[in-house]
Amino acid sequence: MANLADVAKMTGPEASAGTRTLSLWAGGVSPYGIPHKKLGMWLFIVSDSLTFSALLFGYAYLRNASANWPHPFHMWPSIAVSTLMTFCLLSSSLTMVLAVHHAQRGNRDKVVPWLIATMVGGIAFLVLHGNEWRVLIEEGMTPRKNPWGDAMFGGTFFTLTGMHMFHVLTGVVYLGVIAARWAGRRSDATDIEISGLYWHFVDLVWMFIFPLVYLMSVNQGGGH
Amino acid sequence: MAAAAHEEAHEPVGMRVMYFVWIWLLALTVFEVFLAYKQVPLHIMLVALMGMSIVKAALIVAYFMHLKFERLNLVLTLIPAMVVAILLLNTFFPDSARLGQLAIFR
C-alpha cells in the first residue's frame with residue numbers, strides 16, 4: 001500500500017486506487033477521485049443548467065399566460081428539419097464518445113478525426129438552425145413582434161435558441177482548440193474527456209428545447 | 001493494482017453500451033416526433049414529452065458523461081442540489097395564470 005506522502009503526489013485514477021484504504025476526507029487526496037479541471041467543468045455545467053432552466057421556465061411562464069401563443073412550426077419542413085438537427089447533435093455526441101474512447105486507449109491517430117466528425121455535426125446543426133432563423137425573420141418575426149400571435153414568442157424563442165446556438169458555436173471552437181492541442185501533443189486524454197462533458201451537455205439542453213419549443217408548437221393546419 | 005484500477009476507472013463500459021444508448025436516444029426522439037404528428041392532447045403531450053426528455057437527459061449524463069461510473073460523492077454533490085434549485089423555479093409558475101388575466105395578454 002502506498003504511504004501518505006506518495007498518495008498526496010498522485011492524481012486521477014491512481015490516487016483513487018492508492019487511497020481506497022484511507023478515509024476519503026483525510027486530506028491531501030481528492031474526495032471525488034477526479035482531476036480538478038474535470039470538477040471545474042462539472043460545476044460549470046451545473047450552473048449553466050440553471051441558466052437554461054431559467055430561460056425554459058421563462059418561456060413556459062409566458063406561454064401559460066398567453067391565450068394566443070403562436071404555432072408556427074409545420075411538420076414539413078420545420079419539424080422535419082429540427083428532427084434532423086436533433087439527429088446531428090445526438091450523433092455528434094456519439095462521435096465525441098468515440099474520440100474520448102480512443103484518447104483513453106492511447107490510439108493517438110484516431111482522436112482528431114472523431115473530434116472533427118463531432119465538429120461537423122455541430123456545424124451542420126448551426127447551419128440548419130441559422131437557416132431556420134432566416135426563414136422566421138423573413139416571415140416577419142422579430143423579438144418584439146410576429147405575424148402569428150403573442151408578441152412575446154419572438155423574444156423568448158430567439159433568446160432561448162440563440163443562447164443554445166451560442167453554446168454550440170463555443171463548443172465547436174473549443175473542440176477545434178482541443179484537437180489542435182492534441183495534434184501538437186499539448187493535451188491529454190483528460191482534456192478530451194472534459195471537452196466531451198461540455199459537448200454532451202449542449203446536446204442534453206437541446207433534448208429539452210426541441211420538445212418544449214418545437215414539438216409543443218406544431219401547426220396542426222387551420223392557421224396559426 | 002494501480003494498473004488494474006486504471007483500467008477500472010477508464011474502461012467500465014465498452015463502446016457497445018454507448019451505441020445502444022445512442023439508438024435509445026434516437027428511438028425516443030422519433031417517438032416524440034410521432035406524438036407531435038398524432039396531435040395528442042396538449043396536457044398529455046406535455047407530460048409525455050417532459051418524461052421522455054428527463055429519461056434522455058439521464059441517459060446522456062449517466063453514460064455519455066460517465067457520471068454512472070464516478071464516485072457517489074460526486075453524484076451527490078452535483079445532482080440533488082441542482083434538481084432542487086430547478087424545481088424551486090416552479091414557485092413562480094402559478095403567477096403566470098394571474099398574468100393571463102391581464103388585458104395586455106389578451
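Two residues are in contact if their C-beta atoms, placed from the backbone, lie within 7 Å. The structure is a predicted model, in which local features need pLDDT of at least 70, side-chain atom pairs count only at pLDDT 80 or more, and totals for chains, interfaces and linings use all residues. Residues are numbered from 1 along each chain as its sequence is written, and chains are lettered from A in the order in which they are written.

Within chain A, helix α6 (residues 152-183) meets α7 through residues including F157(A), H164(A) and W182(A), which face, among others, D191(A), V205(A) and V213(A). This contact comprises 15 nonpolar, five polar and one charged residues (Ala, Val, Leu, Ile, Met, Phe, Trp, Tyr, Cys and Pro count as nonpolar, Asp, Glu, Lys and Arg as charged, and the others, Gly among them, as polar). The axes of α6(A) and α7(A) come within 10 Å and cross at roughly 160°. α6(A) is therefore roughly antiparallel to α7(A), a term for angles over 145 degrees.

Helix α7(A) (residues 189-214) also approaches helix α3 (residues 42-64) of chain B, their axes coming within 9 Å and crossing at roughly 175°. These two helices are therefore roughly antiparallel as well. Among the residues that meet here are L204(A) and F208(A) from α7(A) and L49(B) and I60(B) from α3(B).

The largest nonpolar core has 65 residues, of which A99(A), L115(A), L197(A), V205(A) and L215(A) touch the most other members. Its largest share, 16 residues, comes from α7(A). Leaving aside residues up to four places away in sequence, V205(A) touches F52(A) and H164(A).

Notes
Axes are lines fitted to C-alpha atoms, for helices over the stretch in contact, and angles run from 0 to 180 degrees between N-to-C directions. Helices (H or I, at least four residues) and strands (E, at least two) are DSSP runs, numbered from the N terminus. Angles under 35 degrees count as roughly parallel, over 145 as roughly antiparallel, 65 to 115 as roughly perpendicular and the rest as oblique. A nonpolar core is a set of buried Ala, Val, Leu, Ile, Met, Phe, Trp, Tyr and Cys residues joined through C-beta atoms within 7 Å. A residue is buried if 20 or more other C-beta atoms lie within 10 Å of its own, exposed if 12 or fewer, and partly exposed in between; C-beta atoms are placed from the backbone.
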